[in-house]
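Welcome to my notebook. I went through one structure a piece at a time and jotted down what I looked up.

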Amino acid sequence: MDEILKYFPDLTDIQIEQFQKLDFLYHDWNEKINVISRKDIDALYTKHILHSLGIAKIMKFEPGATVLDVGTGGGFPGIPLAILFPQTRFYLIDVIAKKIKVVQEVVNALELKNVKAEQKRAELVKGDFDFIVSRAVTNMPDFVSWVHDKIKKQHKHTLKNGILYLKGGDLAEELKDFPKATLYDLSTIFEDEFFETKKVVHLPLKFQA
């Protein structure tokens, strides 16, 4: 938890309490339904929560903005971002029902009013969003094919509407067909060696009627 406060010192008392609760909630639910690998659960705040919040270092979501989290798994990056941006609406989806059950239970325990969670494929989601976030669920070409028609027309952020994607490693080959993609190195923001190769990829997408 100290790591979160180090990089996000302006949290409210409610946000601090919510972030603190994540430790017990995920350890407890992970015993029943495995949504975080056993070797990673003890590094929850670094490898999952702080990693998710890397997006917040690139983009401050505006009140009333809508964000779709595709392949949220146990609720990452959506739940940490929803805590940080309580006036932004988050829609978390995953194809695996047991993962969405954990997400819903965590959301309920934290009393997050700005989160909706459903078992659903990205291609079946209706509606438009300011941003679509995810954490390395697939390669970028496939991901774009799932979500390219779900972007709002009007921009109200410093970055253009589109994808904010958490990914690691060498992305040159994967992004060769996306010249408008911008990479932000999380190693320049967070000190832990876990972030050495981790990036946020911003890929603007055009509205499709």
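**Entry 1: asparagine 30**

I started with asparagine 30, which I found in helix H2. I was working on a predicted model, and I kept that in mind throughout. Is asparagine 30 buried or exposed? I looked up its relative accessibility and got 2%; the cut-off for buried is under 20%, so asparagine 30 counts as buried.

Next I checked what its side chain meets. A polar atom there lies 2.7 Å from the backbone oxygen of isoleucine 36. Leaving out residues up to four places away in sequence, I listed Val35, Ile36, Arg38 and Ile41 as the residues that asparagine 30 touches.

**Entry 2: H2 against H5**

I stayed with helix H2, residues 13-32, and looked at how it packs with helix H5, residues 97-110. The angle came out at about 145°, and the axes are 10 Å apart. I noted the crossing of H2 and H5 as right-handed.

Which residues meet here? From H2 I wrote down Gln18, Lys21, Leu22, Leu25, Tyr26 and Trp29; from H5, Lys101, Val102, Glu105, Val106, Ala109 and Leu110. Sorting the residues of this contact gave me 8 nonpolar, 1 polar and 3 charged.

**Entry 3: helix H6**

Then I turned to H6, which spans residues 140-147. Its buried residues are Met140, Phe143, Val144 and Val147.

My list includes four strands: E1 (66-70), E4 (131-135), E5 (162-168) and E7 (198-204).

At the N-terminal end of H6 I found a cap, asparagine 139. One of its side-chain oxygens lies 2.9 Å from the backbone nitrogen of aspartate 142.

**Entry 4: glycine 64**

My last stop was glycine 64, in the loop between helix H3 (44-58) and E1. Strand E1 had already come up among the elements covering the buried residues of H6. How exposed is glycine 64? Its relative accessible area is 30%, so I put glycine 64 down as partly exposed.

Not counting residues up to four places away in sequence, glycine 64 touches Gln87, Thr88, Arg89 and Lys156.

Methods. Residues are numbered from 1 along each chain as its sequence is written. This is a predicted model: local features need pLDDT of at least 70, side-chain atom pairs count only at pLDDT 80 or more; totals for chains, interfaces and linings use all residues. Side-chain values use heavy atoms; hydrogens and water are left out. Buried means under 20% relative accessible area, exposed over 50%, partly exposed in between (1.4 Å probe, protein chains only). Helices (H or I, at least four residues) and strands (E, at least two) are DSSP runs, numbered from the N terminus. Contact means heavy atoms within 4.5 Å. A polar contact is a pair of N or O atoms within 3.5 Å; within protein, one must be able to donate a hydrogen and the other to accept it, and residues adjacent in sequence count only if both atoms are side-chain atoms. Axes are lines fitted to C-alpha atoms, for helices over the stretch in contact, and angles run from 0 to 180 degrees between N-to-C directions. A crossing is left-handed if the near helix is turned anticlockwise from the far one by less than a right angle, and right-handed if clockwise. Ala, Val, Leu, Ile, Met, Phe, Trp, Tyr, Cys and Pro count as nonpolar, Asp, Glu, Lys and Arg as charged, and the others, Gly among them, as polar.
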